[in-house]
Amino acid sequence: MKISKQEAAHYIWGAQCDGWHLVQGETLSVIHERMPAGTTETRHIHTKSRQFFFVLSGEACMELDGVTYVLEAHEGIEIPPGAPHQMQNRSTADVEFLVISHPTTRGDRTELNE
């Protein structure tokens with residue numbers, strides 16, 4: 001089935017960030033997300049879900065297991081289950097990226113207060 005960002009279910013997270021559900025299944029989730037400059041998500045883990053973050057535009061920082069990786073447009077990073085991670089936009093412009101999760105992260109997120 002054909003889907004576009006304009007037709008996808010939209011939600012807001014972290015008060016300022018946007019997400020669009022492109023695929024929303026039990027075994028696969030694909031989300032297009034936008035983070036404004038200076039925003040960050042809460043550091044967390046998934047016990048079952050494996051994720052892949054792929055930057056479409058802008059520059060993002062992914063903290064993965066204590067190491068920070070700078071991701072530019074058309075670069076990505078895989079997050080294995082159980083790995084503490086946190087997506088950040090330290091730049092002065094929006095960053096847009098895809099988050100692909102297998103299986104879905106619904107009910108599989110533990111926030112870390114570190």
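Strands here are DSSP runs of E, at least two residues, and helices are runs of H or I, at least four residues, both numbered from the N terminus. This is a predicted model, where local features need pLDDT of at least 70, side-chain atom pairs count only at pLDDT 80 or more, and totals for chains, interfaces and linings use all residues. Residues are numbered from 1 along each chain as its sequence is written, and side-chain values use heavy atoms, with hydrogens and water left out.

S6 and S7 pair in the antiparallel sense over 6 bridges; two strands count as paired if DSSP finds at least two bridges between them. Leu64 has Val67 in S7 as its bridge partner. Asp65 sits in the loop between S6, residues 59–64, and S7, residues 67–72. Is Asp65 buried or exposed? At 52% relative accessibility, Asp65 counts as exposed. The cut-offs are under 20% relative accessible area for buried, over 50% for exposed, and partly exposed in between, with a 1.4 Å probe and protein chains only.

Next, other backbone points. Most residues other than glycine have a negative phi, and most peptide bonds are trans. His74 is not a glycine, yet its phi is positive, near 75°. His74 lies in the loop between S7 and strand S8, residues 76–79. With 60% relative accessibility, His74 counts as exposed. There is also a cis peptide bond, joining His102 and Pro103, with omega about -15°. Pro103 is in the loop between strand S10 (95–102) and strand S11 (110–111).

Now the rings. The structure holds 2 aromatic pairs. Rings of Phe, Tyr and Trp (its six-membered ring) pair if their centres lie within 6.5 Å; planes under 30 degrees apart are stacked, over 60 edge-to-face, and the rest tilted. Phe52 and Phe54 form a stacked pair, 6.3 Å centre to centre with 25° between the planes. Phe52 is partly exposed at 33% relative accessible area, and Phe54 is partly exposed at 25%. The other pair is Phe53 and Phe97, with centres 6.0 Å apart and planes at 35°, so this pair is tilted. Phe53 is in strand S5 (residues 50–57) and Phe97 in S10, so the pair ties together parts that are 44 residues apart in sequence. Both Phe53 and Phe97 are buried.

The charged end of Lys5 sits over the ring of Trp20, 4.3 Å from its centre. The criterion is NZ of Lys or CZ of Arg within 6 Å of the ring centre and within 35 degrees of the ring normal.

Last, the chain as a whole. How many helices and strands does the chain have? It has 0 helices and 11 strands. The radius of gyration, taken over C-alpha atoms, is compared with a globule rule of 2.2 Å times the number of residues to the power 0.38. For 114 residues, a compact globule would have a radius of gyration near 13 Å, and the chain agrees with 13 Å. Its C-alpha atoms fill a box of roughly 40 × 30 × 25 Å along the principal axes. Buried residues make up 42% of the 114. With contact meaning heavy atoms within 4.5 Å, residues 24 or more positions apart account for 62% of the contacts with a separation of 6 or more.
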